[in-house]
Amino acid sequence: MSERVAVRKTYKLFIGGKFPRSESGRSYIVQDSNVALSSRKDARDAVVAARAAVKGWAGATAYNRGQILYRVAEMLEGRREQFVALGVPGDEVDAATDRWVWYAGWSDKLPQVYGGANPVAGPYFNLSAPEPTGVVAVVAPETPALLGLVSVIAPAIVTGNTVVVAASPAQPLAAVTLAEVLATSDLPGGVVNILTGRLSETVPTLASHMDVNAIDLTGVTDAELAADLEVKAAENLKRVLRPAPTDHDWSADPGITRMTSLLETKTVWHPKGV
Amino acid sequence: MFEYAPAPESRSVVDIKPSYGLFVNGEFVDPTDGGTFKSINPASEEVLAEVAEAGPQDVDRAVRAAREAYEKVWGPMPGRDRAKYLYRIARIIQERSRELAVLESLDNGKPIKESRDVDLPLVAAHFFYYAGWADKLPYAGFGPNPQPLGVAAQVIPWNFPLLMLAWKIAPALAAGNTVVLKPAETTPLTALVFAEICQQADLPAGVVNIVTGAGDTGRALVEHGGVDKVAFTGSTEVGRAIARAVAGTRKKLTLELGGKAANIVFDDAPIDQAVEGIVNGIFFNQGHVCCAGSRLLIQESVADRVLESLKRRMAQLRVGDPLDKNTDIGAINSAAQLERIRELSDAGSAEGAERWSPACELPERGFWFAPTIFTGVTQAHRIAREEIFGPVLSVLTFRTPAEAVEKANNTPYGLSAGIWTDKGSRILWMADRLRAGVVWANTFNKFDPTSPFGGYKESGYGREGGRHGLEGYLNV
């Protein structure tokens, strides 16, 4: 009997909860596979999807968001071998799964840790609470392909932001496979959108897009490109996270700065009286 | 209107020197490559003093002094000692508050009752609040050992000269940074008296440096390679330019920029209180307030009643001598700002909105603008979109809470908003949906050092005040 012919996977984009090809009809070969080569139009479509998802996701209860992030961990745990087959070390998959669990728990704790009542000198009730900034463009680190990716997506979305992620051009398969995990985790479509292809095509579009509120340049290794993207981001005063140092230790305790730098603090005043 | 006899505050508490140098490394020095300019009283156009204009070399000298002070004195100093210097400064400000209030009104044009009762108490409170943080930084929620950034370049506007100085310098020093601050070119005088206060407090030389000048001085400061932090309060246009200038550098940036706040009045609001809030929202400080309630959104069913009360109230506002204790609205800060207010107001009329001001006699000399409202404003009008930064209110109406939210958020700005209603659940529903950093419900224009202040969207980023205000000055 002849050996069974394997069914190969087509690696596509992840936009608005769906898996479209690039509207440009282009792909590139990387990691022995054809991967979609995103265009500027794909980037704009992804921003539209991300914007449409903001209201529902930011408006969901923190408990709900926490459960969904935990569900992502459950799904990722079950697909461990799939990532190992792509070349992601087993330890890294475990660390990435644990990171989802860690961030899941922050959803209903960060507002207490990062906000609270302010003792103003007067007869007023005064409360500061964090809110998501909105749509965040994220340049994922080139490596580690999975842990780095999870470490930039989870802190952005746990608080209610939606993201458009430019995946590592050299190792996009982990990103597309993570999209499959996300798509089966009750995460509403559009909360995470993933673009594969050249950073030089998609990221400048995201940096200058007027409906993007923040940009995380973590994965940009070219200092000149990073500066140029920051200049573009200034047009509508996007919040900017500058590139991470190349020796950044992704296995270390992430701290809360990644979450807080994508938050706005809103302070509400009301007089006290009878 | 009731007639009041003039009740002018005495100028005798203020001793303005004929000329001021730059405050660098603990001393007043003459500029080396700059020039001089004059600061005038906008209520009379009288020259108050001649002030040094810092050139690039002067800025460099100030940054070097700040660096040396950071490395040798202020950085290594225990937090408890930094705290004591800041408490000292807070106390001296309280002791000299009358003098500072009068000087602020002379140089800025704001009414004395405001500089005396709002600005100065808040300035002292701000230093007092952050003094206490200096030796408690590990408890601020930014990790066990947060570190200062180094030298902070700070550029502040002319609308609350000394208060903006306090918002910048107090948290920077508490966190262990040293500063070079540039006050606005039309209002440098209280910052220069603050420099004297630093001397009086024996603050180590170089911890605070004040470089006076205009846009070029500010540019030289924020672009200087020796600064680690840039903090700016001012227009969105300049904020954008600064964000571009610091791109690709290590400099941490916080920006507090423009606004076009919606002040939303529902049909169940207590009308008299709401009218006081509307007046406070737009006419406080001549409307020279980034968080001013410059777009009034009234629920349609009460629009006529609210406008009638508002006009009656506006007719009681006293416009005139800033040093008169009965004055409600003082002088516009500069000829240039007056020109901008006039231009936008003319655009309001030209675009079809209806303009109204109470009968009001304006002094002959100086820069003045009568309190003004425009009705029949649409969201497309320039006066509904652009920051006027003057005593000019644009009035729009709405029918449902959802429409109010939609209109309120229809702006690139997001600094503040106001809600007037008797229904608690509606306040919270609205507050959740308004994209603004500060939401005042049944009040407006309230500030406190413990309360974070700052904007969403193109109103800037970062927060000033409270525990949050330390973050911009720490390596977190």
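Figure 1. W269(A) has W440(B), in β17 of chain B, as its bridge partner. The strands concerned, β10 (residues 263-271) of chain A and β17(B), run parallel and are joined by 3 bridges. Strands (E, at least two residues) and helices (H or I, at least four) are DSSP runs, numbered from the N terminus, and two strands pair if DSSP finds at least two bridges between them. The model is predicted: local features need pLDDT of at least 70 and side-chain atom pairs count only at pLDDT 80 or more, whereas totals for chains, interfaces and linings use all residues. Residues are numbered from 1 along each chain as its sequence is written, and chains are lettered from A and ligands numbered from 1 in the order in which they are written.

**Figure 2. The side of chain B that touches chain A.** Contact involves 32 residues of chain B and 28 residues of chain A, where two residues are in contact if their C-beta atoms, placed from the backbone, lie within 7 Å. On the chain B side, α8 (236-246), α14 (424-433), β17 (438-441) and β18 (460-461) each supply at least two residues. By class, this side of chain B comprises 14 nonpolar, 12 polar and 6 charged residues. Ala, Val, Leu, Ile, Met, Phe, Trp, Tyr, Cys and Pro count as nonpolar, Asp, Glu, Lys and Arg as charged, and the others, Gly among them, as polar.

**Figure 3. The two domains of chain B.** Domain 1 (11-257 + 456-471) and domain 2 (262-441) are given by the domain assignment of chain B, the bounds coming from an automatic or database assignment. Their contact takes 22 residues from domain 1 of chain B and 27 residues from domain 2 of chain B. Helices α3 (97-108) and α4 (112-131) of chain B each supply at least two residues of the domain 1 side that touches domain 2. That side of domain 1 has 7 nonpolar, 7 polar and 8 charged residues. The C-alpha centres of the two domains lie 30 Å apart.

**Figure 4. Strands β13, β14 and β15 of chain B.** Strand β13 (residues 354-356) and strand β14 (residues 372-375) of chain B run antiparallel, joined by 3 bridges. Here W356(B) stands opposite I373(B) of β14(B). Strand β15 (residues 392-398) of chain B runs parallel to β14(B), again with 3 bridges. V392(B) in β15(B) is the bridge partner of T372(B).

**Figure 5. An open sheet of 3 strands in chain B.** The strand order is β1-β5-β4 (chain B), with mixed pairing. Because β1 (19-20) and β4 (35-40) of chain B stand at the edges with a single partner strand each, one side of each is left without a neighbour in the sheet. β4(B) and strand β5 (residues 47-53) of chain B run antiparallel and are joined by 6 bridges. Within this pairing, A52(B) of β5(B) is the bridge partner of T36(B).

**Figure 6. Helix α6 of chain B.** Helix α6 (residues 189-200) of chain B has 12 residues and reaches 17 Å from its first C-alpha to its last, close to the 16 Å expected at 1.5 Å a residue; the expected span is 1.5 Å times one less than the number of residues. Of the 12 residues of α6(B), 9 are buried, among them L189(B), F194(B) and C198(B). A residue is buried if 20 or more other C-beta atoms, placed from the backbone, lie within 10 Å of its own. D202(B), which follows α6(B), has a positive phi, near 55°.
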